Amino acid sequence: MRNILITGGAGFIGSHVVRLFVNKYPDYHIINLDKLTYAGNLANLKDIENCPNYTFIKGDICDFEKVREIFKKYDITGVLHLAAESHVDRSIKDPFTFAQTNVLGTLSLLQAAREYWDGDYQGKKFYHISTDEVYGSLGFDGKLFTEENKYEPHSPYSASKASSDHFVRSFHDTFGLPVVITNCSNNYGPYQFPEKLIPLFINNIRHNKPLPVYGKGENVRDWLYVVDHARAIDLIFHKGKVADTYNIGGFNEWKNIDLIKVLIKVTDRLLGRPVGTSDHLITHVTDRAGHDLRYAIDSSKLKNELGWKPSLQFEEGIEQTVRWYLDNQEWLDNVTSGEYEKYYEKMYSNR
Ligand code: NAD
Ligand code: TYD
């Protein structure tokens, strides 16, 4: 029996990781600690919420006493740390929350793990899920981020993630804590909060709303299907080398404007609209401040050492994703109206 603490399990990637672990490892106890911020939604986990090997705890990773209690009460042997503030645009408006959750929250988990494990690191692992954005921005020269790239974050979001990565490494170097870090490219798929490019644009196309393209739409991102990220996390949690770093990416670069055209084409087709119906929705708006030009990940270390590669072709992943959002309008409506927040506020206010 392993008792695994997953933080941020009610969010986009976290919910896929929780689902995978709860279903694949019936002899593990999965404890999901999530504050249920605007981005956390228990509806993402409806299909597994009653599983006997799953426990949900509403709580803040920054609440050190609570985190300590959880380690003790559940005898935690492994941590998959995903809880974070994750949206770059929000970090530009409100950097303090990012420093609080991403930096101090990570520190609180590290300190609790160190205290509870107390030097007995046999069978223990602290896994920090991070982003490729810590490496800064690439040019259009075809180079990719490798694990050797130096950290050069530009946005308050990536600066907070870089800082948390450094804290995680420092706990290995100083206290011997068995840590592992992964830096992943942009994820897409079901249950992503519709403030991020792909779900926002699918929803806007459906409702004939403008598609706000930052600047010229020339920026490049490397997109990975979220379930493939969850598979990589499973593999690295079990087989990854302690104190090591792995990059995770799809070798799948898209210029924003080209990706947006694909989204329009697929969404219009699935809605039964004639080709080109939604092209006029493209609206160029003021660029994001400090907008990183290009991210692209070299994940060959993960492929060569642990045999991972993405299972889904992008065309297939995008088709499934658009279909999911169109089939789950109620989920989108709840999330965009904030209904679910009110519901869970009431549900948990007495705990
Ligand atoms: P998300 O915003 O969808 O979910 C974050 C979750 O963390 C939410 O459920 C939220 O309620 C919870 N949370 C926030 N603050 C908390 C706190 N103080 N205490 C407890 N829970 C809290 O994020 P995501 O896109 O699923 O990203 C998950 C992780 O993966 C993050 O660490 C992010 O940096 C990293 N990541 C994301 C991407 C991506 O493309 N989305 C890519 C690479 C890495
Ligand atoms: P996003 O999904 O916010 O992820 P990240 O900033 O972490 O890469 O944005 C992906 C790309 O799409 C990024 O280059 C910014 C751009 N973008 C827009 O052009 N318009 C939008 O409304 C959003 C949310 C993003």
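Begin by selecting helix α2 and helix α4, where Phe-64, Val-67, Arg-68, Phe-71 and Lys-72 of α2 meet Ser-108, Leu-109, Gln-111, Ala-112, Ala-113, Glu-115, Tyr-116 and Trp-117 of α4 (contact means heavy atoms within 4.5 Å; helices are DSSP runs of H or I with at least four residues, numbered from the N terminus). The residues of this contact divide into eight nonpolar, two polar and three charged (Ala, Val, Leu, Ile, Met, Phe, Trp, Tyr, Cys and Pro count as nonpolar, Asp, Glu, Lys and Arg as charged, and the others, Gly among them, as polar).

This is a predicted model, in which local features need pLDDT of at least 70 and side-chain atom pairs count only at pLDDT 80 or more, while totals for chains, interfaces and linings use all residues. Residues are numbered from 1 along each chain as its sequence is written, chains are lettered from A and ligands numbered from 1 in the order in which they are written, and side-chain values use heavy atoms, with hydrogens and water left out.

Next, select α6, residues 197–206, with α10, residues 314–327, which pack at about 55° with their axes 10 Å apart. That angle makes α6 oblique to α10. In this pair, Ile-198, Pro-199, Ile-202 and Arg-206 of α6 meet Ile-318, Thr-321, Val-322, Tyr-325 and Leu-326 of α10, a contact that divides into seven nonpolar residues, one polar and one charged.

Move on to ligand 1, which is surrounded by 28 residues, with Ile-13, Asp-34, Ser-86, Tyr-157 and Lys-161 the closest (a residue is near if one of its heavy atoms lies within 4 Å). The side chain of Ser-86 places an N or O atom 2.7 Å from an oxygen atom of ligand 1, and a backbone N or O atom of Phe-12 lies 3.0 Å from a ligand 1 oxygen atom.

An N or O atom in the side chain of Arg-288 is 2.5 Å from an oxygen atom of ligand 2, whereas a polar side-chain atom of Glu-133 lies 2.7 Å from a ligand 2 oxygen atom.

Conventions. Helix = DSSP H or I, 4+ residues; strand = E, 2+ residues; numbered from the N terminus. Polar contact = N/O pair within 3.5 Å; in protein donor to acceptor, adjacent residues only side chain to side chain. Axes fitted to C-alpha atoms, helices over the stretch in contact; angles between N-to-C directions. Parallel < 35°, antiparallel > 145°, perpendicular 65-115°, else oblique.
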